[in-house]
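Please look through the sequence and the model below, and then follow the explanation from one region to the next.

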Amino acid sequence: MNKLKAIPAIRFKGFTDDWERRKVTDLLKTTKGSMKIGPFGSALKKEYYVNTGVKVYAQENIFEEDFTIGDYYITPAKYEELKSCELRPGDLVISMMGTIGACAIFPSNAEKGIMNSHLLRLQFKDGIIPEFIKLLLQDSELIKNQINRLSVGSIMNGLSSSVVQKLVFPMTSIDEQKRIVHFFGLLNHIIILHQRKLELQKRIKEYFLQNMFPAKGENVPKLRFKGFTDAWKHCKLDNLCELITKQTGFDYSKTIKPMLVRKKETDTYPFIQNKDFTGNKINLNTDFYIPIKIAEKFPKITLDKPSILISISGRIGNVGFYKLKEKSFIGGAVGICKLKNENDGEFILQELESEYGQYYFKSLIKASSHANITVEDIRNIELIMPTSREENAKISTFLLKIDRLITIHQRKIEQLQSIKKFMLQNMFC
């Protein structure tokens with residue numbers, strides 16, 4: 001059935017024909033999973049489940065795309081009764097509950113099975129690439145917007161088969177479908193590669209954090225740079241700082257909160273909350289900003305020199321190192337530690353992020369009835385540091401290089417995801 005015709009903004013060379021908007025019923029057949037087979041672990045029709053027989057598929061072993069997991073089966077006799085709900089190679093399966101809209105294509109090498117009541121099967125007519133429809137359903141805002149619009153007023157917290165049957169898909173020739181699917185497949189592959197590299201760098205960082213700082217109760221790390229053998233020394237964070245404080249000594253709701261603004265201006269400072277920092281990453285594009293004339297009334301909590309930032313509520317154990325030239329202002333859930341020596345900052349950050357440092361934060365949470373820590377808790381943080389400034393610097397520099405690699409991969413993933421979003425917006429119509 002031909003509907004309104006359109007042309008996407010970006011196309012591969014050689015494709016010039018108009019696209020068509022087609023109803024789901026023109027493209028495929030929908031079948032809902034059997035209501036006789038409920039979610040795994042439910043009381044619904046438990047007598048159907050046995051140890052061997054025909055496999056039951058649900059979100060747990062479809063949308064992780066690991067079709068081998070799951071040990072729920074029905075008897076061959078029950079399979080014959082519910083055969084219309086069998087999954088076949090090439091079927092596109094959609095989640096109707098929970099991870100709503102998640103999709104998977106049933107592979108040819110998967111074990112024969114029946115889908116449960118939370119799944120919907122799409123079987124395609126000729127001229128349709130299942131991966132193309134999956135791309136539209138899972139990634140395209142065109143279809144997500146339709147689903148949101150058609151679901152308005154629904155009393156169910158899920159996706160109904162009636163909504164799916166009302167969807168309209170933008171369609172083109174099978175050759176152009178293949179090119180689009182191939183393009184996004186390559187793009188997704190590159191994103192996955194960078195995600196794996198990112199996870200690898202994070203694991204490497206975790207390994208060195210565990211081994212380049214002494215374990216609890218010890219004063220020598222397992223891994224050291226050549227030439228360093230001296231035992232490390234203990235010192236309190238308070239001794240390395242000019243000031244450790246937080247928002248205190250005034251009524252925040254009367255003095256600061258009314259003055260916060262949403263828009264950044266030349267006469268404002270960023271208002272740093274605990275979600276705006278982690279490690280060496282500081283976000284200055286914050287939710288709120290404070291006029292400089294107000295911030296100047298509270299110099300102790302103005303970030304005007306290198307400082308360690310510690311979340312004192314919510315994200316306990318989250319630590320940052322503020323060493324930017326720009327001044328900022330601290331929010332209420334953050335402790336600020338203004339350093340005597342900027343060169344100590346990177347080492348302190350890495351140690352507080354290590355297993356040794358995180359152990360202290362965890363011990364405070366266990367000892368408290370709520371997830372908050374005090375300024376006094378921060379002052380009493382006991383650090384263990386090399387006696388040699390050179391060893392201190394080598395460790396800091398080494399771990400900082402890993403942090404920079406992590407940041408590079410994170411930014412690359414963000415760039416690729418932005419490209420993907422742009423192409424999804426412009427390669428469909």
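**Cysteines, a helix end and an enclosed helix**

This is a predicted model, in which local features need pLDDT of at least 70 and side-chain atom pairs count only at pLDDT 80 or more, while totals for chains, interfaces and linings use all residues. Residues are numbered from 1 along each chain as its sequence is written, and side-chain values use heavy atoms, with hydrogens and water left out.

A search of the whole structure finds 0 disulfides, a disulfide being a pair of cysteine sulfur atoms within 2.5 Å. Cys 235 is in no disulfide, and the nearest cysteine sulfur, that of Cys 241, lies 9.7 Å away. Cys 241 is likewise in no disulfide, its nearest cysteine sulfur being that of Cys 337, at 4.9 Å. Cys 235 has 17% relative accessibility and so counts as buried (buried means under 20% relative accessible area, exposed over 50%, partly exposed in between, with a 1.4 Å probe and protein chains only). Cys 241, at 5%, counts as buried too.

Asn 426 belongs to helix 13, which covers residues 389–426 (helices are DSSP runs of H or I with at least four residues, numbered from the N terminus). Asn 426 is buried, because its relative accessibility is 17%. The side chain of Asn 426 reaches the backbone oxygen of Phe 422 at 2.7 Å. Leaving aside residues up to four places away in sequence, Asn 426 touches Pro 8, Ala 9 and Ile 10, where contact means heavy atoms within 4.5 Å.

In helix 10 (residues 345–353), 8 of the 9 residues are buried, so this helix is largely enclosed by the rest of the structure. Among the buried residues of helix 10 are Phe 347, Ile 348 and Leu 349.

Terms used
Helix = DSSP H or I, 4+ residues; strand = E, 2+ residues; numbered from the N terminus. Polar contact = N/O pair within 3.5 Å; in protein donor to acceptor, adjacent residues only side chain to side chain.
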